[in-house]
Amino acid sequence: MLSKYIFYFLSSVAIYAALMVLISKKPIHSVLYLTLAFFAIAGHYILLNAQFLAVVHIIVYAGAIMVLFLFTVMLLNLNIEGEFPKKNIIKFAAVIVGGLILITLIGTFRTYDLEIIKNPTLNQIGLVKNLGKVLFKEYLLPFELCSILFLAAMVGAVMLGKKDIQ
Amino acid sequence: MPDAVQNLQMIPLNDYIFFCSALFAIGIIGVLIKRNALVIFMSVELMLNSANLLLAAFSAYRNDPAGQIFVFFIMVVAAAEVAIGLALLVMIYRSTHSIDINALNKLKW
Amino acid sequence: MIEYIWLVPLLPLIGFLLIAFNFKRFQGSVSGIIASSAIFVSFIISLIVFIEIYSSKQTATVQLFHWIKFNKIDISFSFLIDQLSTLMLMIITGVGFLIHVYSIGYMKGDSGFNRFFSYMNLFVFFMLLLVLGSNYLIMFIGWEGVGLCSYLLIGFWFKKHENNNAAKKAFIMNRIGDLGFLLGIFMLYYYFGTLNFNGIFFQAHMFTIGNPTITIITLLLFVGAIGKSAQIPLFTWLPDAMAGPTPVSALIHAATMVTAGIYMIARSNVLFVLSPITLLIIAIVGITTALLAGGIAIFQTDIKKVLAYSTVSQLGFMFLALGVGAFTGAMFHLTTHAFFKALLFLAAGSVIHALNGEQDIRKMGGLKNKIPITFFTFLIGTIAISGIPPFSGFFSKDMILIGAFEANSIFWIIAVIVSLMTTFYMFRLLYIVFWKRSNKEDLHAHESPKNMTIPLMILAVLSVLAGAFGIPLVFGGNDIIGNFLSPIFTESTNIIKINAHEISHNTELLLMFIPVIFVFVVVYLAYYVYVKQKKLPEADNQKRPFFSNIFFKKLYFDEIYNALFVKPALWLSDFLHNIIELKVIDRMVNQAGNLVVWTGKTIRYIQTGNVGFYLFAMVISIILILIFKLFI
Amino acid sequence: MNAIIALSALAILTMFFGVIQKKSVLLPLILSGLIIVFFLNVIEWGTFKHYYNEMFIADNFNIAFTAALILTTFLVFIFSALYYRTVKRPLEDIYALMLFSLIGGITMASFGNITMLFIGIETLSISFYILAGSKKFDVASNEAALKYFLTGTFATGFLLFGMALIYGVSGSFNLQAINSYIIANKESIPTLFYAGMILVFVGMAFKIAAVPFHFWAPDVYTGSPTLITAFMSTIGKVASIAAFYRLISITFLNVHDFSVDILMLFAIATIIVGNLSAMTQDNMKRMLAYSGISNSGYLLFAIIAMGPKSAGTLLYFSISYAIATITAFAVIMLVREERGTFSLQDYKGLAKQNPVEAFAMAVAMMSLAGIPPLAGFMAKYNIFSVAMNGGYVWLVIVGVIGSMISVFYYFKPIIYMYFHRADAHKKIETTKAYKIHILLVSILLIILGFLPGLVIGLL
C-alpha cells in the first residue's frame, strides 16, 4: 500500500512541478521547478526498481542538463528580461490542444487490456550488473555509435561557441 | 528494495501510462504556450522524460532490460541535444539579443 | 539498309548538337548548310528504306537497346519500320529538306540564324522519333519534343511580347492534350501490360467491339490528338502560332507536327475500330472543325492566318476520314496536304519576303507580274487544295468524300460544303494578293532568291503529281497508296466495312463530279467578287454584318477560352510574378473571383515564418490523424 | 559495416585536422577517403550479413542506399571547394560534421533495431542543427538553426513516445520481433500499438518533410548556407526515406492496410502543397526547398505501393533527385556569390555569359520537372508505374497533376537564363575544374536517364 501512496505522491509532485514550469514568469523559477520534476521522476524510477536509471537520471538531468540551463540563464542574464507573453487566445488554444492530445492518448489506452503483461515479480533487471551485461553485449553497436553522436555534438558546440576569425 | 518490487503489483500499469501521458501533454502545452526558447527547451525535456518513464515502466512490467537500455540512450541523446540547443541559443542571443521565438521571422512565405 | 535506320534520326540530332555547340563560331549560312545536308542524307536513307519496304512488303523492328527493364516491364528503344512509318519518313525528311533549303534564303541576315537551324534540326529529330518509335513511350517522347521545339520556334522572335503569348498558348493547349495522351498511355499499360505497338495490337483482338475500356483509352488518346492536331476545342493555338518565322509555319504547322495526331490515330487504328463511339466522335469533331475553320478562314485578312485556318480545316477533314474508317484516305490527304500546304506557306513566305514583312492582304495586290514564280507556284497550290482534277488534292479529297458517303451521307454533304469553302477562301486569297487593282499605287516587290524559289518549284511539281499515287480504280488507276498501306489498315477496314453499304462505280463517278462542277462555280464566284467588283475586306474597325463579324472574330473562340480557361491559367502563371508585375495581379484579382485568390494566398502564406505556428500546426495535424484513424 | 567503421575513422581524422592548418590537403583526403569507403561498402554486396544481435543489417538494400549516400556526399564535397573558396581556415569542423551526419544517414539505412534507428536519426539531426547554423554571422542561418532545432526536438519527442508505445505492446525493439508479434496477434493488436505507429510515422514524416510536418523545411533550407542546404536536402531526405521504407517493409508490412491511409494523406498533401507553394517563389533556394518537399510526396508512392520494385524505384528516384538537386545548388552557389542574391532576376541571360553553368542548371531543372529522357522523367515514370501496379490510380493522377504544375516553376529559371536579356550582369568567372565538374554531373544525369533498368534491377 505504501508504494501506491508513494506513487501518487510522486506523480502529483511531478505534475505540479511540470505545471509550475509553465506558469512561472521567470526562467530561473522554471529551471528550479523542472529540477523538482526530475527528482520526482527519479523517485518513480526507484519505485520501478530501476536504480541504475535513477542514478543516471539524477546525474545527467539534475547534474548536467539543469546546470547547463542555469548556466545559460545566468550567462545571458535572461532573468531580468522577463517574459514575452503570448496572446491569451493562443494560450487558450494551446491548453485545448494539449488537453485534446491527453484525451486522445488516454482514449487509446483505455482499450488496452493490461492483464497480458503483469509479471514484475522477479525484478532484478534494473541493477547495474544486469543492465551492463545487456548494454555491452546486445546493445554494443548503438553504444559505440553514441560516441559518434557525442563527438558530433562536441565538435558542434565548440564550433558554435568559439569566436570566428572571419 | 525488495518491498518496492513486490508492491509494484499494486500499481496498475495503466496509472503509469496515464501519468506519462499527462506529463507528455504538459510538455506539449509548454512548447505551444511559451515564447521563451529556453522554457520551450525545458518543455521538450519534459516530453522526453515522459517517454523515458513510460519505457522504464514497460521495461519493469515486462521484465525486459531493453527498455531501460533505450532510456539510457535517450538520456545520452537528450544531453547532447541540450548542449547543442543551448549553444545555438547563445549564438542567437549574441546576434539578436533576444530569445523570443517570435523574433525568428526573417524567413517566411 | 533497314538496319541503318537509326542514322535517320541521329543525323538531325548531330546537326543540332553541332550547331548548338558552335553557336557563336558559325558565320554566314554554314549552319544552314549543315542542317540541310543532315536532313538530306536522312532523306536519302529514308528513300532507300522506303523503296526496300515498298518492294519487299516486309516490316521490321530495329532494336537499339533495352531501355527500361524490370521483370514485367520491358521497354526497349526500338524503331518500327513499316509502310506507315516510312511514308511519314518520306514526308518529314523530304518536305523538311526543302523547307530547310528555303530557310537559308528566308532567314538570311537574321540575328538568330544559327539558333533557328539548331531548333529546326532538333524538331526534325523529335518528329522522326515520334514516327519511328515502336512503342507509345518513344512516341510520347517525340510528341513532347516536337511540342517543345514548336514552343521554341513560335517564340523565336521572343522580343515581341505577342509572340511569347502565342508560344505560351501553344504550349498550354498542347499540355492539355498531352495530359489526355499520357493518361491514355498509362491505361494502355495498365490493361495490356506493354506499350509496344505490336504487343498491344495483338492483344486488342481479345476485346469485343464497343468495350468500354477501349472506348475510354481511345477517347484519351484522341484528346491528345486534338491538342496536337488543333481540333475543336483546342484549335486556337495554331493560328496564333503563325507568329513564328514562315518556314516554321510551313514545316511545323502545316506539313509535319500537326499531323502527329492523325499519324497516332492511324497507327492505333486497330484500337480505334474497336470503339464505334470514339470513331463517331472523331468524325463529328473533325467535320465540325473543318466547317468552322473554313468559315473563319473566309473572313481573315492576314495571309498566314488564312492559311492557318485552312490547315485546321484540312486537318478536320483528315479526322473525318479517320472517323469514317477511311484510314488510307486520311494518310493520302496527309501526304498531298503536306506538299501543297508547305508550298502555299512557302509561297506566302515569299510574298511576305518580297513585301518586306507585310502580312495584311488588304495592302497587297497586283503582284502577279512582279513575282511570277511565286505567283505561279501559289496558283498551283491553290488549285491543288481546291480539289480541281487532275491535281493531287482532287484525288485525296475524293477518297475522303467517298469514305464519308459510305458512312453517312450527311457527312458527305457537309464535307462537300467545306471543300467548296476551301476553294472560295483560297481563290479569294489568290485574287486579292496577285490581281491588280486600279485604285492603288504599285507596290515595290522583288522576286525571292533562287534557293527559295527552287524548293517552291519542286513542291509545285509534287503537288501536281502526288495525286498519281491514288488514282482510283474508276479511272483505271491502281490505287498505289491503298495497296501500299493495306497491310496496316486491311483488318480495320474490314471491321468497319461490315455495316457500310457498297457503292457502285456510277455513283462513285457522280459523287466525284458533282463537287467539281460546284468548285468551278465557286472559283468564278470568287473571281466575280474580288476581281470584277474589286471588293476588299473591310478595315478592322469597320462595322460588319452580324454574320461576317462572327466569323471575322473567329467565332469568339478566343474570347470564350479567355473567359473560361485562359484567364484562370494566366492568373496562375502571372501570380508567379506577383511581386514583379503587381499590375497584372491587381487586374486578375478583380477578374478571377475572390475564392481562388484566397486559396492561392493561403497555400503560400501558410508558411508564416513563426515557429510557434509551425509547432501548433504539427500538433493539430497529429491530433486529427489520431482521431480519424483510431476513433472514427 | 566496414564502411561505417572506416567512415568514423575518416571523420575523426578530419576532426583533428584543424591542428595542421593546411586547407589544400584536407579536401583531397576526404574525397579519397570517401572513395575507399565506397569500395569497402560495395565489396559486401550480396553477403546479407547482420551484426551485433541484428542491430545492423548489411543487406543489398543497405549497401545500395549507403552507396547512394556516399556518392551524394562526394558530390557535395566536390562543390564545397567552390563554396568555401574564400575561407582561409581548413574548415575541419564543418567537414567532420558532414561526415558524422553521413554516418547517421548510413545507420538509418541499415538499422535492424529501433534503437539504431533512433541513434541514426539523432546523429543525423544533431549534425544538421549545427551545420544549419554554421554561418554564425548570418542572422538567417542562426534563425534556420534554431527553427530546425525547436521543431526537430519536438518531433523527436513524438517519435520517442511512439517508440515507447510500440515497445510497450510488442515487448521488443527488434524489427523482426515486432513483425512476428504483429503476425501472431493480428486480430488482437491493441489501439495503443496503432497510436504508437502513428506517432512514429509522424516523426518520420517530419524527417522527410512531408506535409503537414514540412513547415520547418522551407525556412531551414532557405536560411542555411547553400552548400549545407544542398547536403541536408539530399542526404537527409534519402536517408530518412530509406529508413522509412525499411521500417515499413520489415516491420509494419502486415498492418499496411492501416498505414496506407496516413501515408496517402501525406503523399497527396505533400504534392499539392509543395508544388503550389513553389510556384510563386522568386527565391531560387526557397523554390528548391519546396521542390524537395514535393519530391518527398513522390517518394512516398513507393512506400505506399510496396510492390516488388518499390525498393529499386526508390533508389533510382533518390539518386536522380539527389544529383539534380546538387547540380542546381552548385549553380545557385556560384550565382549567389557573384550576383549577391538568390533571386531569379540574377539568372537573366546566364546562358549567354556562362553557357556551361546554364546548361547544367537547365538539365537539372528539366530532370526535376520530369522531361524525357532525363533521369527525373524515368524516375517519376517508374514510381508512377509502381503505384499504378499497386492499384493506386488516384495517387498517380494527383502525381501527374502535381508534376504538371511543377513544370511551370522548374522552367522559370530556364526561361530567365535563355530568353531574357542580361541587364547589367557580367560574365561570372569560374575555374576550369568547376566547369568540368558541373558538366560531368549534368551528363551523369543524362546518362542515368538511359539506365533506369540497371539501377532498379539492383534491388
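Predicted model: local features only at pLDDT ≥ 70, side-chain atom pairs only at ≥ 80, totals over all residues.
Colleague: What about the mean for chain B?

Modeller: Chain B has a mean pLDDT of 85, and 91% of its residues get to 70 or more.

Colleague: Which element of chain B has the lowest mean pLDDT, and which the highest?

Modeller: Helix α1 of chain B, residues 2-7, is the lowest of the chain B elements with a mean of 50. Helix α3 of chain B, residues 37-62, is the highest at 91.

Colleague: OK, interfaces. How many residues of chain A are in contact with chain B?

Modeller: 72 residues of chain A, and they meet 65 residues of chain B. On the chain A side, the helices that each supply at least two residues are α1 (2-23), α2 (27-47), α3 (51-76), α5 (88-110), α6 (128-137) and α7 (140-161).

Colleague: How does that side of chain A divide into nonpolar, polar and charged?

Modeller: It has 53 nonpolar residues, 14 polar and five charged.

Colleague: And how many residues of chain D are in contact with chain B?

Modeller: There are 33 from chain D, in contact with 33 from chain B. On the chain D side, α5 (114-132), α6 (139-170) and α9 (216-223) are the elements giving two or more residues.

Colleague: Which of them gives the most?

Modeller: That's α6(D), with 18 residues. By type, the chain D side splits into 18 nonpolar, 10 polar and five charged.

Colleague: Switching to the inside: how many residues are in the largest nonpolar core?

Modeller: It has 527 residues. The ones with the most contacts inside it are A:Ala37, C:Phe123, C:Leu320, C:Ala342, D:Phe301 and D:Ala387.

Colleague: Which helix gives the largest share of this core?

Modeller: Helix α4 of chain B, residues 66-96, which puts in 21 residues.

Colleague: You mentioned D:Phe301. What does D:Phe301 touch?

Modeller: Leaving out residues up to four places away in sequence, D:Phe301 touches D:Ala267, D:Ile383, D:Val386, D:Ala387, D:Leu395 and D:Gly399. D:Ala387 is also on the list of residues with the most contacts in the core.

Colleague: Now helix α12 of chain D, residues 284-305. How far does it reach from first C-alpha to last?

Modeller: It reaches 32 Å over 22 residues, close to the 32 Å expected at 1.5 Å a residue. α12(D) is also mostly covered, with 22 of its 22 residues buried.

Colleague: What follows α12(D)?

Modeller: D:Met306, with a positive phi near 50 degrees. There's another positive phi just after α2(A), where A:Asn49 sits at about 65 degrees. α2(A) itself has 21 residues and reaches 30 Å, close to the 30 Å expected.

Colleague: Last thing, the folds of chains C and D. How many helices and strands in each?

Modeller: Chain D has 19 helices and two strands, and chain C has 26 helices and two strands. In chain D, 67% of the 459 residues count as buried; for chain C, buried residues make up 54% of 632.

Colleague: And what share of the contacts with a separation of 6 or more joins residues at least 24 apart?

Modeller: In chain D it's 81%, and in chain C it's 80%.

Note on methods. Residues numbered from 1 in each chain as written. Chains lettered and ligands numbered in written order. Contact = placed C-beta atoms within 7 Å. Helix = DSSP H or I, 4+ residues; strand = E, 2+ residues; numbered from the N terminus. Nonpolar A, V, L, I, M, F, W, Y, C, P; charged D, E, K, R; others polar. Buried ≥ 20, exposed ≤ 12 C-beta atoms within 10 Å, placed from the backbone. Core = buried A, V, L, I, M, F, W, Y, C linked by C-beta atoms within 7 Å. Expected span 1.5 Å × (residues − 1). pLDDT = per-residue confidence, 0-100.
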